[in-house]
Amino acid sequence: MVTLKNIYINTLKLLGSILDFIDPYNKKKIFIFHEISKKNQKKFYKVIKYIKSKYEILDPNNDFKFENNRKNQAFITFDDGYFSQYECAKKYLDKENIKAIFFIIYEFMKIKNKKNHKEFLKKNLLINNIKLNNKEFKNMTFENLKVLIKKGHIIGAHTLNHPNLTQIDKNNCKKEILSCKKKIKTKIGVKKIGNFAITFGGIKFINPYILKLCKKYYKATFTGIRGSNNNNKQIFFRENCDLNKDFSEIKFTIDGYADLHYFFDRLRLKVYKYFSTKC
Ligand SMILES: [Zn+2]
């Protein structure tokens, strides 16, 4: 049955293909992964291989930036600090020689038992009971993070407790954004943490004050708004890859066809960036 959703998706695909035809080698993408349940690990590898076939995957070491050339380029990032991400990095990324950024929630890394991770995820990441009951959902430890660093990956900050930053007062907001960087540095013994990912990531979880703090304390800030980063220098768009979806839907995201849907969010972010210099 032809539904409105299908018509909309096909229209996005058509417009995306036209844009690809006009300018085929100039996509600058950052992909996000979250929990990778056991049943999705093979799919994760398939997705990584597909990204590799379409993009040159860059190493996020040194200062985070895309190269100024006419090539499709991408970075791989992981949010929240799940143990499954550590397993997949060891199993698949190392095999493909891919380096990634792992954005971690400081307080989540400290949890030592199953009941507590579930409570944290339910309260702070708003993950519902049905999902929590079906998945392994375990956090990485600080020792796991040290191994990732040794392998050449990067650790980024993703707040202390994963709050909705627009819903807390200014002092707490500053603490969540700045203290996690200081605490991670001390705990795992790295000299600098230059990358920060905004919690939940969408435009409704961002405001000019948050952007102002991020720009002050970090070299690069990552949202969850979809788009290509052709002119972005400090605040970046990212594409979420939901491994619970069909491969064809994930492919649609990787090809960049979902970007048009986020046009107004990107515009709003531009306005917030302007006001972040005034507040
Ligand atoms: Zn998160």
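1. The model is a predicted one, and I begin with the way H9 passes H11, where the crossing is right-handed. Helix H9 covers residues 208-217 and helix H11 covers residues 263-276, and the two pack at an angle of about 65 degrees with their axes 8 Å apart. That angle makes H9 roughly perpendicular to H11, because angles of 65 to 115 degrees are counted in that class.

2. As for the residues at this crossing, H9 contributes Pro-208, Leu-211, Lys-212 and Lys-215, which meet Tyr-272, Lys-273, Phe-275 and Ser-276 of H11. Sorted by class, the contact of H9 with H11 holds four nonpolar residues, one polar residue and three charged residues.

3. H9 also packs with helix H8, which runs over residues 170-188, and here the angle is about 30 degrees and the axes are 10 Å apart. H8 is therefore roughly parallel to H9, since angles under 35 degrees count as roughly parallel. The crossing in which H8 passes H9 is right-handed.

4. On the H8 side, the contact with H9 is made by Lys-170, Cys-173, Lys-174, Ile-177, Leu-178 and Lys-181, while H9 supplies Tyr-209, Ile-210, Leu-213, Cys-214 and Tyr-217. By class, the residues of the contact of H8 with H9 comprise eight nonpolar and three charged, with no polar residue among them.

5. Which residues touch the most other members of the largest nonpolar core? That core has 63 residues, and the ones with the most contacts to other members are Phe-31, Ala-100, Phe-102, Ile-104 and Ile-155. If residues up to four places away in sequence are not counted, Ile-155 touches Phe-102, Ile-104, Leu-145, Leu-148, Ile-149, Ile-184, Ile-188, Val-190 and Ile-193.

6. Lys-185 lies in helix H8, and, with residues up to four places away in sequence again left out, Lys-185 touches Val-190 and Ile-193. Lys-185 is classed as partly exposed because 15 other C-beta atoms lie within 10 Å, a count in between the limits of 12 or fewer for exposed and 20 or more for buried. From C-alpha to C-alpha, Lys-185 and Lys-122 are 27 Å apart in space, and they are 63 residues apart in sequence.

7. The loop between strand S5 (154-157) and H8 holds Thr-159, and His-162 lies in the loop between S5 and H8 as well. Phi is positive in Thr-159, near 75 degrees, although the residue is not glycine, and His-162, likewise a residue other than glycine, has a positive phi near 60 degrees. For comparison, most residues other than glycine have a negative phi.

8. Are Thr-159 and His-162 buried or exposed? Thr-159 is buried, because 26 other C-beta atoms lie within 10 Å, and His-162 counts as buried because there are 24 C-beta neighbours inside 10 Å.

9. Phe-205 is placed in the loop between strand S6 (195-197) and H9, and 17 other C-beta atoms lie within 10 Å, so Phe-205 is partly exposed. Leaving aside neighbours within four places in sequence, Phe-205 is in contact with Asn-164, Leu-165, Thr-166, Ile-198, Thr-199 and Phe-200. Phe-205 and Lys-175 are 30 residues apart in sequence, and their C-alpha to C-alpha distance is 17 Å.

Note on methods
Residues numbered from 1 in each chain as written. Predicted model: local features only at pLDDT ≥ 70, side-chain atom pairs only at ≥ 80, totals over all residues. Axes fitted to C-alpha atoms, helices over the stretch in contact; angles between N-to-C directions. Helix = DSSP H or I, 4+ residues; strand = E, 2+ residues; numbered from the N terminus. Parallel < 35°, antiparallel > 145°, perpendicular 65-115°, else oblique. Left-handed = near helix turned anticlockwise from the far one by under 90°. Contact = placed C-beta atoms within 7 Å. Nonpolar A, V, L, I, M, F, W, Y, C, P; charged D, E, K, R; others polar. Core = buried A, V, L, I, M, F, W, Y, C linked by C-beta atoms within 7 Å.
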